[in-house]
Amino acid sequence: MARPLIQMALDSLDFNQTVALADQVAPYVDIFEIGTPCIKYNGVNLVKELRNRYPDKLLLVDLKTMDAGEYEAGAFYAAGADICTVLGVSGLATIGGVIKAAKKHAAEVQVDLINVPNKAECARESAKLGAQIMGVHTGLDAQAAGQTPFGDLNEVTSLGLNVRVSVAGGIKPATIDQTVKAGANIIVVGAAIYGAPSPAEAAREIRELVDAAAV
Ligand SMILES: O=C([C@H](O)CO)[C@H](O)[C@H](O)COP(=O)(O)O
């Protein structure tokens, strides 16, 4: 089984704390995600900082774009993003705009399926348009209401689309094995790492669990 990538969700608002957390977990993760609250607060300068500091890491900017796809995402690809996210609920015109911006920078697009009523249809149409990654996502508010992403993950991986499937929403050590076995290509972890007493130790444990589950 191909080893899934680990994506660290950097969800602090503080610029320096975000960079410090990235430094701690860097040896164990493949993708740095600048989370939505963080990118809204800090903007393109944080993208530039992480790009300069980590030229070889993948950098995802979780814009969750809802409108003006090409215009909004263009600046973040230009600053060094490898992947920007666009909301599935935004519609195909906006998703197409982000895809256009990504192409100009030889970069990629992730469609976030958060709150999309028909995830299969959105994933199929977005893949046809050229999006490379489908993001199955139970957001922080839905998690607080007791929801998990695993049912949606099974639905989207079983579509057999020629895309990578990312999963986010409260993933923790106890759920790594089922996540890998469900076919996720990218596993996003936020609170289980940044909320741990030692984020570096927590990231190392996640790395070991993913590697063990993927054999
Ligand atoms: O995308 C996220 C959230 O909606 C805030 O924008 C999180 O980064 C994502 O859910 C991963 O974090 P955890 O759920 O804490 O693992």
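Tutor: Helices here are DSSP runs of H or I, at least four residues long, numbered from the N terminus. Keep in mind that this is a predicted model.

Student: Is valine 98 buried or exposed?

Tutor: Buried means under 20% relative accessible area. Valine 98 comes out at 0%, so it counts as buried.

Student: Which residues is valine 98 in contact with, leaving aside its neighbours within four places in sequence?

Tutor: Contact means heavy atoms within 4.5 Å. Here the list for valine 98 is Thr65, Gly69, Glu70, Ala73, Tyr77, Val86 and Val109. Leucine 13, for its part, is 85 residues from valine 98 in sequence and 25 Å from it in space, C-alpha to C-alpha.

Student: On to helix packing. At what angle do α1 and α11 pack?

Tutor: Angles of 65 to 115 degrees count as roughly perpendicular, and those under 35 as roughly parallel. Helix α1 (residues 15-25) meets helix α11 (residues 199-213) at about 45°, their axes 8 Å apart. That is why α1 is called oblique to α11. The crossing of α1 past α11 is right-handed.

Student: Which residues make that contact?

Tutor: From α1, Leu21, Gln24 and Val25; from α11, Pro199, Ala200 and Ala203. Sorted by class, the α1 contact with α11 has five nonpolar residues, one polar and no charged ones.

Student: What does the UniProt annotation cover?

Tutor: An unreviewed UniProt entry annotates residues 5-206 as "domain: Orotidine 5'-phosphate decarboxylase". Over residues 5-206, the chain is 48% helix and 21% strand, with the end C-alpha atoms 11 Å apart.

Definitions and conventions
Residues are numbered from 1 along each chain as its sequence is written. This is a predicted model: local features need pLDDT of at least 70, side-chain atom pairs count only at pLDDT 80 or more; totals for chains, interfaces and linings use all residues. Side-chain values use heavy atoms; hydrogens and water are left out. Buried means under 20% relative accessible area, exposed over 50%, partly exposed in between (1.4 Å probe, protein chains only). Axes are lines fitted to C-alpha atoms, for helices over the stretch in contact, and angles run from 0 to 180 degrees between N-to-C directions. Helices (H or I, at least four residues) and strands (E, at least two) are DSSP runs, numbered from the N terminus. Angles under 35 degrees count as roughly parallel, over 145 as roughly antiparallel, 65 to 115 as roughly perpendicular and the rest as oblique. A crossing is left-handed if the near helix is turned anticlockwise from the far one by less than a right angle, and right-handed if clockwise. Ala, Val, Leu, Ile, Met, Phe, Trp, Tyr, Cys and Pro count as nonpolar, Asp, Glu, Lys and Arg as charged, and the others, Gly among them, as polar. UniProt positions are given in the numbering used here, feature names are shortened, and annotations may be inferred rather than shown by experiment.
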